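Here are my notes on this model, as numbered points. Please read them with the structure open.

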Amino acid sequence: MAEGDAIAAIPQEAYGAPVAACPGWDVARLISHLGRVHRWATGFLRGEDAPVPRPDREDLSEWYRESRDLLLRQLDGMDLDAEIDTFIGRRTVRFWLRRQAHETAMHRWDAQDAVRPGAAAPIDADFAGDGIDEWLHVFVPRFLARVDVPGDLAGAATQFTCTDLGLPPWTLRLTHPEPTIDYGAAAADTVLSGSAADLLLTVWHRQPATPPEATDAGLARRVLDLIHVT
């Protein structure tokens, strides 16, 4: 709720600020996108998959709240373990709850960073750790399937270590035909280490105030550039 409230609270006079992580977007388009994604997800939860039109009003605050609340009302009372359609096949309702929460948090950061560069409120560490796990298991396989992995990156292993959570690291290997993701200590060609929030921003191609350290920054960047999602 708090992340969505922060989106709705952005004043209309700030809508023209450019969003650095989404080239060509301003804050108004970002809010429109997020509200439409909430409505699109609500459609999936209802067994529908229909396009969502852009809002036809200048002040997006109330429209965004309506979009967010529509999603929350739909989720309320649903069996979170029930199977349902998603954009990656059949999953449980929990998939949509998790995906929409992370979508909102990331775009809240985007909007606040656009309005006051460098002053966006941080993403909660535990939540960010879950966001890294979601990125690895949902988006990495989906987007690697769309690109040709260069031969010299085949089998390359990138480890992600959250320095503030005390969790075992994740290791992503660019194996064929699908990437391999291991949880726990493992050999790696490059290691990215930083706070969970900074790592999450980095894998989503945002610019945190304190970029994670990398044992081989060039290799890490090449791997992340294969998985570029707005």
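1. Start with the lining of the largest cavity in this predicted model. Arg-99, His-102, Met-106, Gly-131, Glu-134, Leu-200 and Trp-204 line the largest cavity. By class, three of these residues are nonpolar, two are polar and two are charged.

2. Where does the lining come from? Helix H4 (93-115) and helix H5 (125-144) each give at least two residues. H4 supplies the largest share, three residues. Domain 1 (3-115) and domain 2 (126-226) both contribute to the lining, so the largest cavity lies between them.

3. The volume of the largest cavity is about 40 Å³. A search of the whole structure turns up one cavity of 30 Å³ or more.

4. Next, the aromatic residues. The count is 12 aromatic pairs. Phe-44 and Trp-96 make a tilted pair, 5.0 Å centre to centre with 35° between the planes. This pair links distant parts of the chain: Phe-44 sits in helix H2 (residues 27-45) and Trp-96 in helix H4, 52 residues apart. Phe-44 and Trp-96 are buried.

5. A second pair to look at is Trp-170 with Tyr-183. Their ring centres are 5.9 Å apart and their planes stand at 45°, so this pair is tilted too. Trp-170 is in strand E4 and Tyr-183 in strand E5 (residues 180-183), so the pair ties together parts 13 residues apart in sequence. Tyr-183 is exposed, because its relative accessible area is 51% and the cut-off is over 50%.

6. One aromatic cluster is formed by Trp-40, Phe-44, Phe-87, Phe-95, Trp-96, Phe-139, Phe-143 and Trp-204.

7. Now strand E3 (residues 157-162). E3 is mostly covered, with six of its six residues buried. In a regular strand, side chains alternate between the two faces of the sheet. Ala-157, Gln-159 and Thr-161 point one way from E3, while Thr-158, Phe-160 and Cys-162 point the other way. All of them are buried.

8. Which strands pair with E3? E4 (residues 170-173) pairs with E3 in the antiparallel sense, over four bridges. There, Ala-157 stands opposite Arg-173. Strand E6 (residues 190-194) runs parallel to E3, and five bridges join the two. Thr-158 has Thr-190 as its bridge partner in E6.

Key: Residues are numbered from 1 along each chain as its sequence is written. This is a predicted model: local features need pLDDT of at least 70, side-chain atom pairs count only at pLDDT 80 or more; totals for chains, interfaces and linings use all residues. Side-chain values use heavy atoms; hydrogens and water are left out. Buried means under 20% relative accessible area, exposed over 50%, partly exposed in between (1.4 Å probe, protein chains only). Two strands pair if DSSP finds at least two bridges between them. On a 1 Å grid over the protein atoms alone, a cavity is a set of points where a 1.4 Å probe fits but cannot get out, and a pocket is an open set with protein on both sides within 12 Å along at least five of seven lines; lining residues have an atom within 4 Å of a point. Grid points are joined across faces, edges and corners, and a volume is the space filled by probe spheres set on the points. Ala, Val, Leu, Ile, Met, Phe, Trp, Tyr, Cys and Pro count as nonpolar, Asp, Glu, Lys and Arg as charged, and the others, Gly among them, as polar. Domain bounds come from an automatic or database domain assignment. Rings of Phe, Tyr and Trp (its six-membered ring) pair if their centres lie within 6.5 Å; planes under 30 degrees apart count as stacked, over 60 as edge-to-face and the rest as tilted.
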